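Student: I'd like to go through the terms used for this structure one by one. Could you show me how each one is reached?
Tutor: Gladly; let's take a look together.

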Amino acid sequence: MSDVNVLVVFYSRYGNAERIALATGVGAIQARANIRLRRVADHADAKTIDATPAWRENLDRMNRDYVAPRPADPQWADVTVLATPPDSCAEIESYCASLPSIASMRGKIAAPLAPRDEESALKPIYAAAACAGMVVVPAKTESGDPIAAAREYGQRVTEMARSLKKLSA
Amino acid sequence: MLTLRKAEDRGHTDLGWLNSYHTFSFGGYNDPKHMGFRALRVLNDDRVAAGKGFGAHGHRDMEILSYVIDGGLAHKDSMGEQHVLGPNEVQAMSAGSGVIHSEFNASATSPTHFLQIWIIPAVEDLKPSYQQFAYPSSEKRGALRLIAGPDRTSNPAAAFINQDARMYAAVLGAGDSIDQAIRPGRHAWVQVATGAIDVNGVAMKEGDGLAVSEETSLRLRGSNAGESELLLFDLA
């Protein structure tokens, strides 16, 4: 078993945020982390989702492939990746608001990311994660390929968590 | 030396949608006496309910073979591979430096029964890869059909794995037998997938496994009234 646990929490409607979340998870595995993958639920109601067939289709698929976040996940994780689509960060913000007490999250790493590093989607998540007591590590990378960039980010936050654990040991 | 691992002594997980027997320690079943045999680390006998399966999860540094006995298994991974695996096909995924995949029963109405095998690779940090191929069922009737091995090319085709190990499959009718030599210094594992067989005089039933060391040959004989299916692993 690895010494670093990475929780990948994402919200996705059409699969774009899912793809970067998965790439971050692969990067974490490459850096020898244990990972868990979780999709947060839509705020939209079923009628709204059904009105857009691609959304419904992807939702049914993702509901099969992923489980929702579980209460024990945040305590297990050293790093929590928070992946959001560029146009809807409310679901991930709500997830951050549901995290346990600041005392129990202190020092844990939050790794927010969005396709194209969309600042307008990321800033509320930076704030929500910081309010939860987490250390926020922005996803800025040099790579132009978003999948490669997400993979590098997964590696980077895993290595960072490993270093922090060594320092605090 | 032949050491029988009885089906009823295996670890067991029942999640409702998943009924799994673990020949070696796996997940919540942890027995230090059964952590694997040579490079063979996991041998799970899984029955998955219709439409259910294993959601997205990660692997690293493991050669993962799936062998469907009955039904179909839908596979999807972070390499972009998306396939359905059935009987008389083999799937070999080399997790290497890291891969995320999901596996589901491909049927919405019928259960799937498959064996999942994990073999520890000889080298870590390899580039992840995926292979799947079908073979005629006649090739394993009364014969050991190579399913996976360390040779890049083999005839007939077999999956490549990054370890000095070979996995064979065979189907034996009542009284059919196969003789297999074991090279000096090699070990073997025999797993009964269905039916019942006799190996060098040791009676084995479905789910039983047999660790083989310091033997020069094996006689595998079908002892079931109908057909029996087995896997044989040749291990360093």
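Tutor: This is a predicted model.

Student: Which strands make up the open sheet of chain B, and in what order?
Tutor: Four strands form it, in the order β5-β10-β7-β8, with antiparallel pairing. The twist from one strand to the next averages 20°.

Student: Why are β5 and β8 of chain B called edge strands?
Tutor: Each of them, β5 (53-59) and β8 (82-85), pairs on one side only.

Student: What lies across β5 and β10 of chain B?
Tutor: That is α1(A), which runs at about 115° to β10(B). Helix α1(A) also gives five residues, the largest share, to the side of chain A that touches chain B.

Student: Now to chain A. Why are α5(A) and α7(A) called roughly parallel?
Tutor: The axes of α5 (residues 90-97) and α7 (residues 119-131) cross at roughly 5° and come within 9 Å. Angles under 35 degrees count as roughly parallel, so α5(A) is roughly parallel to α7(A).

Student: Which residues of α5(A) and α7(A) meet?
Tutor: Among them are A:Ile92 and A:Cys96 in α5(A), and A:Ile125 and A:Ala128 in α7(A). By class, this contact has seven nonpolar, no polar and one charged residues.

Terms used
Residues numbered from 1 in each chain as written. Chains lettered and ligands numbered in written order. Predicted model: local features only at pLDDT ≥ 70, side-chain atom pairs only at ≥ 80, totals over all residues. Helix = DSSP H or I, 4+ residues; strand = E, 2+ residues; numbered from the N terminus. Axes fitted to C-alpha atoms, helices over the stretch in contact; angles between N-to-C directions. Parallel < 35°, antiparallel > 145°, perpendicular 65-115°, else oblique. Contact = placed C-beta atoms within 7 Å. Nonpolar A, V, L, I, M, F, W, Y, C, P; charged D, E, K, R; others polar. Pairing = 2+ DSSP bridges.
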